[in-house]
Amino acid sequence: MSSDVRFTDFKSDKQPTWCPGCGDFGTMNGMMKALANTGNDPDNTFVVAGIGCSGKIGTYMHSYALHGVHGRALPVGTGVKMARPDIEVMVAGGDGDGYSIGAGHFVHAVRRNVDMTYCVMDNRIYGLTKGQASPTSRSDFETSTTPEGTKQPPVNPLALALASGASFIAQSFSSDAMRHAEIVQKAIEHDGFGFVNVFSPCVTFNDVDTYDYFRDNLVDLEDEDHDPTDYEAAKEVILDSDKEYQGVMYQDENSVPYHEKHGVTEDMSEIPDGAPEDAMDLVREFY
Amino acid sequence: MGGKAQDNMAEDLNWAVGGEAGDGIDSTGKIFAQALARAGRHVFTSKDFASRIRGGYTAYKIRTSVDQVQSVVDRLDILVALTQRTIDENLDELHEGSAIIYDGERSWEAEIPDEMTAVDVPLKSLAEEAGGAIMRNIVALGAACEITGFDVEYLDEALEKRFGGKGSKIVENNKKAARAGQEYVQENYDLSHLGYDLETTDNDYVLLNGNEAVGMGALAAGCRFYAGYPITPATSIMEYLTGRIEEYGGHVVQAEDELSAINMALGGARAGARAMTATSGAGIDLMTETFGLVAQSETPLVIADVQRSGPSTGMPTKQEQGDLNMALYGGHGEVPRFVVAPTSIDECFWKTVEAFNLAEKYQTPVFLVSDLAMSVTEQTFPPEAFDMDAVEIDRGKLVDDDEVDEWLDAQGHFRAHAVTDDGISPRAIPGMTDGAHMSTGLEHDELGRRTEDEDERVQQVDKRNRKVETAREREDWDYREFGDEDADNLVISWGSNEGALAEALEYLEEDGIDVRVISVPYIFPRPDLSDEIEAADETIVVECNATGQFADLIEHDVLTRVKRINKYTGVRFKADELADEITAKLSEEVPAQ
């Protein structure tokens with residue numbers, strides 16, 4: 001790993017097909033900066049993505065990567081990290097991938113506290129399928145499949161993470177490039193599962209949760225004297241539905257990541273040329 | 001009552017213990033089986049059980065002989081019955097030479113047919129005298145020893161193995177309980193008319209089931225990462241690996257569902273570990289979602305399907321070979337894969353080793369298709385049957401750091417899906433300098449990046465399929481063979497029916513019927529049986545399902561109609577039953593072409 005890695009080293013030469021102005025550009029740039037700032041390089045980094053606009057990220061970044069099945073990015077990332085604790089694992093997804101089809105995996109990935117980072121590009125809409133309601137869409141948000149709104153409360157992913165026992169919960173805004181990269185960097189540096197919900201506006205299908213909306217309404221927790229190690233304070237901001245916050249809401253200072261709890265420290269890619277030396281002991285167990 | 005089987009009585013003994021689920025039936029049977037194995041006798045066990053923790057009939061059956069045994073038969077010689085239902089459930093298999101051990105002091109009135117020998121032993125009272133009512137099954141084992149002329153001391157080592165962890169007092173009490181049962185029968189009954197006298201040998205056998213063999217095979221093959229979700233009857237693979245894989249630096253993770261399990265395993269494999277998952281029933285349905293991704297991203301992954309009776313929840317604790325089509329065709333689109341179906345318990349070990357090699361050599365999903373009967377059946381083998389020195393590991397085109405450069409394009413990108421003559425691309429794993437690359441379920445170019453270019457699409461589809469053709473040429477896709485090679489009658493089977501078929505041959509031979517048995521462990525690619533079928537007058541395909549999925553394949557391959565023997569009662573084939581079925585089937589007319 002070289003110390004002179006620049007964030008552009010994580011960029012592939014494939015031009016993104018995201019709509020011009022899409023929040024995902026900023027989200028991805030911040031992730032690349034955070035990876036470079038934490039001393040990683042493309043050859044020791046594994047990026048996992050699911051399906052949706054967000055899922056394309058692995059193609060536009062340069063690293064080891066897998067673009068998998070809808071909703072299952074977290075399990076793939078979990079497998080990579082367990083087999084190779086030496087590899088930096090970054091999982092990316094959207095609000096549909098992570099909070100709808102993948103919601104079950106989200107809960108359990110949070111519980112497991114595997115030392116990886118999860119950035120969700122939350123645009124509160126299904127973009128790739130051209131504008132249907134997502135789990136984070138507002139209840140009165142009108143779409144082609146919900147002409148009168150969903151009439152359901154949106155999922156609060158931060159609260160879902162908190163209820164699942166998260167050790168790191170943060171939120172950022174793709175357009176606030178510096179803060180976004182800074183927050184993702186903290187998630188990477190966190191000993192455990194670093195979860196960042198990234199407001200990543202869809203300029204084509206969502207005319208409510210726009211750049212302007214977030215610029216006007218975003219409250220940065222850095223300006224609020226918020227202590228992320230204070231669980232009660234974290235709960236308060238996470239459950240505050242009147243405001244949109246940016247920053248690290250919660251960080252468990254005593255977080256013990258999965259590999260430490262379970263003693264999973266070996267590079268599992270290395271195996272002998274034949275059966276293990278003492279393998280006949282396995283047979284003798286059956287006497 | 002099996003008529004033919006009577007002739008065999010001197011050679012093999014069929015013993016069972018049965019009662020309510022939760023009565024400790026399984027561990028009681030296992031102790032007796034281990035004792036027999038240590039006494040140099042071969043053992044083949046089977047279990048009747050319901051998917052309940054407590055309540056419901058359950059039985060553990062043992063067939064034992066000094067010769068190898070690999071099937072159950074329709075005959076029961078000694079039955080330890082803890083409930084009346086145990087007797088009722090087995091009436092068909094009991095015969096006039098059978099002895100039934102029961103506890104007459106218990107509330108139920110044992111109804112035992114007059115021609116059989118009822119051995120009333122106060123199991124509970126004797127157990128209490130030895131230290132606790134809980135040992136009543138052990139008292140029964142002692143009684144069984146006396147009836148069969150089997151030295152009660154052979155139980156000691158098995159008792160030590162089972163109860164050693166609970167302290168020497170418990171072990172001693174159990175030994176005492178066994179002797180109490182043995183002495184009670186000795187003093188109160190003269191059973192010499194039954195004529196049982198179990199021969200022992202100096203051989204020493206290991207006793208294991210198919211799932212344990214799969215697990216041991218995985219460890220021998222260097223599997224380091226297992227992700228799974230509990231489901232009967234696959235769970236015991238996961239349980240075997242848990243606590244053992246860590247010794248080799250590996251890990252078992254229990255996922256939140258099968259969707260997650262297969263994706264975790266996929267992640268482990270992409271990170272460079274030999275990884276596997278195993279499931280059954282509806283679990284394989286859920287995993288189907290990811291089959292295509294495994295193949296499309298060219299990830300080496302072993303997926304074990306321990307088949308059980310379906311569809312839907314079906315009969316979760318019953319035998320069936322109903323997933324053949326699922327293993328061959330599951331998943332949308334066209335998914336290149338290998339399907340391997342071990343035909344015996346020792347082969348569960350070797351085929352698992354082979355599955356890992358195939359997966360890495362061809363960077364393809366490998367389905368290891370076993371079934372419930374094999375997963376719970378325990379069989380004895382000489383330890384050399386699992387000769388670890390014979391285990392070979394072939395990691396295929398896994399490159400090392402120096403070789404990465406040979407596979408870079410002009411811009412320095414690693415060509416993870418390079419189009420090659422044999423279809424196999426180089427494989428770099430995370431951490432290798434300049435090996436960074438993308439893989440995806442989308443159609444992609446050589447670099448793993450999305451493409452919808454017609455030429456690239458065709459190149460990638462062809463190269464993935466070419467791997468299968470390469471494997472067809474390079475590997476041995478042999479079948480196993482039993483009986484008379486020149487016989488006019490050919491019986492073909494896949495998976496776990498092999499043992500019952502091999503033993504059915506003995507019955508058929510007694511009746512003067514010559515049969516050649518071909519047992520096929522490779523379902524895709526599979527051996528071409530055209531010549532063998534053409535050489536035979538009659539071909540019968542035997543399998544545990546209703547529609548004859550393998551028979552369909554064979555007919556498709558050779559364009560000839562075959563006869564079929566299908567069993568879908570939820571119970572595996574028995575050797576004598578199969579002999580009768582084959583005899584009957586041979587007299588039927590050949591199906592129209």
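Into which domains is chain B divided? Chain B falls into domain 1 (4-204), domain 2 (208-390), domain 3 (401-474) and domain 4 (480-586), with bounds that come from an automatic or database domain assignment. The model is predicted: local features need pLDDT of at least 70, side-chain atom pairs count only at pLDDT 80 or more, and totals for chains, interfaces and linings use all residues. Residues are numbered from 1 along each chain as its sequence is written, while chains are lettered from A and ligands numbered from 1 in the order in which they are written.

Confidence is considered next. The model scores pTM 0.96 and ipTM 0.98. For chain B the average pLDDT, the predictor's confidence in each residue from 0 to 100, is 95, and 97% of the residues score at least 70. Over residues 1-10 of chain B, pLDDT stays under 50. For that stretch the model has eleven contacts beyond four places in sequence, two residues being in contact if their C-beta atoms, placed from the backbone, lie within 7 Å.

Within chain B, the C-alpha centres of domain 1 and domain 4 lie 34 Å apart. Nine residues of domain 4 of chain B are in contact with seven residues of domain 1 of chain B. On the domain 1 side, these comprise three nonpolar, two polar and two charged residues; Ala, Val, Leu, Ile, Met, Phe, Trp, Tyr, Cys and Pro count as nonpolar, Asp, Glu, Lys and Arg as charged, and the others, Gly among them, as polar.

The contact between the chains takes 49 residues from chain A and 60 residues from chain B. Among the elements giving two or more residues to the chain B side are helix H7 (210-220), strand E8 (223-228), helix H9 (258-270) and helix H10 (281-296) of chain B; helices (H or I, at least four residues) and strands (E, at least two) are DSSP runs, numbered from the N terminus. The most comes from H9(B), with nine residues. By class, the side of chain B that touches chain A has 30 nonpolar, 19 polar and eleven charged residues.

A second open sheet belongs to chain B. Its seven strands have the order E9-E8-E10-E11-E13-E12-E19, with mixed pairing. E9 and strand E19 (522-524) of chain B stand at the edges, each with a single partner strand, so one side of each is left without a neighbour in the sheet. The twist averages 20° from one strand to the next. Strand E11 (residues 301-307) and strand E13 (residues 365-371) of chain B pair in the parallel sense over seven bridges, with Ala304(B) opposite Leu368(B) in E13(B). Helix H3 (residues 73-83) of chain A lies across E8, E9 and E10 of chain B, running at about 150° to E8(B); axes are lines fitted to C-alpha atoms, for helices over the stretch in contact, and angles run from 0 to 180 degrees between N-to-C directions.

Two local details of chain B complete the account. E7(B) and strand E14 (residues 378-381) pair in the antiparallel sense over four bridges, and Gln379(B) in E14(B) is the bridge partner of Leu208(B). In E14(B), Glu378(B) and Thr380(B) point one way, Gln379(B) and Phe381(B) the other way, and all are buried. A residue is buried if 20 or more other C-beta atoms, placed from the backbone, lie within 10 Å of its own, exposed if 12 or fewer, and partly exposed in between. Asp409(B), in the loop between helix H14 (401-404) and E15 of chain B, is exposed, with 12 other C-beta atoms within 10 Å. Leaving aside neighbours within four places in sequence, Asp409(B) is in contact with Arg415(B) and Leu447(B).

Key
Two strands pair if DSSP finds at least two bridges between them.
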